[in-house]
Amino acid sequence: VDVPDHGGVYVAWRASHLIFMALAALCAFAFQVWWEQGGFARWTMATVAAVAGLVALPTVLIDIYNAQDVANRADGPGFKWTVILTPQEVAGLDWIKQNTPPASRVQNEPFSRNRDAYYVTAFGERRMSGGLPTGLIPLKKYEDVSARIRKMYQAESAVEVHEQALGLCVDYMLVGPPERAAYPELSLLLENSPHLFAPAFRNGILDVYAVTGSWDDQRCTH
């Protein structure tokens, strides 16, 4: 058993998590029985549990530290160890959450943001038409749709961008610093075509454009 496109590691990794959860109840029952026997069995059980706890302690401390660490700003393997959101991005994501229909799709460009693009779904609480997940699922179909999204951001005319946005059922296009750096001509295309991309939100860092006609396109179910 394997998850395609992931190097044969994730099934064993997640299966071990499930085994840990299953063994927790069984070990607790075993400890209870040994404790009730008293005498030598009780002290043997206590010693084994103490040794196991000491062996596990370094890993526990490392995990506790890593879960709280926001000082590591370096690049991880395809993602940032710490995702930094500016106040303007937080404001934009909050606007998306408060002012776009719950069924809408808000899209950014996956490759320019790499694996950090999930903050639209995490903080904006809206779906995307595609993106690059961090793992645990087959990647190819996500890479394929992300390539279509990149082609949309690379388009040289607003009409072409709009046609591809409708084909992807994108309701809102998001343009932030990564998109501007990767596609410097895009903002001007969108700004010069408000009949196709209505400015919905902008604060100098994060811009959101409503894609005209997306809600009426029969190809797109919401």
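1. Leaving aside neighbours within four places in sequence, Y153 is in contact (heavy atoms within 4.5 Å) with Q107, N108, E109, M173, L174, E179, Y183 and L186. The model is a predicted one, in which local features need pLDDT of at least 70 and side-chain atom pairs count only at pLDDT 80 or more, while totals for chains, interfaces and linings use all residues. Residues are numbered from 1 along each chain as its sequence is written, and side-chain values use heavy atoms, with hydrogens and water left out.

2. Y153 is placed in helix α6 (residues 140–154), where helices are DSSP runs of H or I of at least four residues, and strands are runs of E of at least two, numbered from the N terminus. Y153 counts as buried because its relative accessibility is 1%, the cut-offs being under 20% for buried, over 50% for exposed and partly exposed in between, with a 1.4 Å probe and protein chains only. A polar atom of the Y153 side chain lies 2.8 Å from the backbone oxygen of L174.

3. E179, one of the residues in contact with Y153, meets R113 through their side chains in a salt bridge of 2.6 Å, N to O (a side-chain nitrogen of Lys or Arg within 4 Å of a carboxyl oxygen of Asp or Glu). This pair links distant parts of the chain, with E179 in helix α8 (residues 177–182) and R113 in helix α4 (residues 110–113), 66 residues apart. E179 counts as buried at 0% relative accessibility, and R113 likewise counts as buried at 7%.

4. Helix α8 also holds R180, which forms a salt bridge with D207, the closest N and O atoms being 2.9 Å apart.

Notes. Polar contact = N/O pair within 3.5 Å; in protein donor to acceptor, adjacent residues only side chain to side chain.
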